[in-house]
Amino acid sequence: MRAVVQRVDGAKVVVAGETVGEITGEGLCVLVGVTHDDTPEKAAQLARKLWSVRVLEDEKSCSDVDAPLLVISQFTLYGDARKGRRPTWNAAAPGPVAEPLVDEVVAQLRKLGAHVETGRFGADMRVSLTNHGPFTVLVEV
């Protein structure tokens, strides 16, 4: 499982003109990619990491300051563009595998006490955010 984590001062996801997920103030915008051998245990591990990683202002974590997270599925994180001009998506898990695992990350975050907003799996989403820093880090479990 792979996540691109951005420290933000607000972020939202719009689908067909409707805002489906939005956080305000300091928090994390997290793009989550799933590969074929990912498991619910890896989803729980990723959730714990996201909740506790100290990347917010003054080296705080979301758990320290009760900061919200916007979690968005992103199969393109497993794209491979090393050869040719067109990326391949062979390493990305198919929707029936990936969707429940992204949902599990969200469920585990909520179980830890996090306020989590989400995108809509498989939708044509418009993501907007204010990256604070800018600060972006890749997390893999």
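Me: Why does Glu59 count as exposed?
Reply: Glu59 has 55% relative accessibility, and exposed means over 50% relative accessible area, buried under 20% and partly exposed in between, with a 1.4 Å probe and protein chains only. The value of 55% therefore puts Glu59 among the exposed residues. Glu59 sits in the loop between α1 and α2 (62-65), where helices (H or I, at least four residues) and strands (E, at least two) are DSSP runs numbered from the N terminus. Its phi is near 55°, a positive value in a residue other than glycine.

Me: Before we go on, what kind of model is this?
Reply: It is a predicted model, in which local features need pLDDT of at least 70 and side-chain atom pairs count only at pLDDT 80 or more, while totals for chains, interfaces and linings use all residues. Residues are numbered from 1 along each chain as its sequence is written, and side-chain values use heavy atoms, with hydrogens and water left out.

Me: What about Asp66: buried or exposed?
Reply: Asp66 is exposed, because its relative accessibility is 53%. You will find Asp66 in the loop between α2 and β3, and its phi is near 55°, again positive in a residue other than glycine.

Me: How do you know that Leu31 is buried?
Reply: Its relative accessibility is 15%, so Leu31 counts as buried. Leu31 belongs to strand β2. Leaving out residues up to four places away in sequence, Leu31 touches Arg2, Ala3, Val4, Gln6, Ile72, Gln74 and Leu77, where contact means heavy atoms within 4.5 Å. Leu31 and Ser73 are 42 residues apart in sequence, and their C-alpha atoms are 5.8 Å apart in space.

Me: What makes Gln108 buried?
Reply: Gln108 has a relative accessible area of 18%, and therefore it is buried. Gln108 is part of helix α3, and beyond its neighbours within four places in sequence it is in contact with Ala44 and Ala47.

Me: Why is α1 called oblique to α3?
Reply: The axes of α1 (residues 40-52) and α3 (residues 95-112) come within 8 Å and cross at roughly 45°. That makes α1 oblique to α3: angles under 35 degrees count as roughly parallel, over 145 as roughly antiparallel, 65 to 115 as roughly perpendicular and the rest as oblique. Axes here are lines fitted to C-alpha atoms, for helices over the stretch in contact, and angles run from 0 to 180 degrees between N-to-C directions.

Me: Which residues meet where α1 and α3 touch?
Reply: Among them are Ala43, Leu46 and Trp51 in α1, and Leu101, Val105 and Leu109 in α3. The residues of this contact divide into eleven nonpolar, one polar and two charged. Ala, Val, Leu, Ile, Met, Phe, Trp, Tyr, Cys and Pro count as nonpolar, Asp, Glu, Lys and Arg as charged, and the others, Gly among them, as polar.

Me: What makes a group of residues a nonpolar core?
Reply: Its members are buried Ala, Val, Leu, Ile, Met, Phe, Trp, Tyr and Cys residues joined through side-chain atoms within 4.5 Å. The largest core here has 29 residues, and Val30, Leu69, Val71 and Leu109 have the most contacts inside it. Helix α3 gives the most to this core, with six residues. A second, separate core of 13 residues includes Val4, Ala11, Ile72 and Met125.
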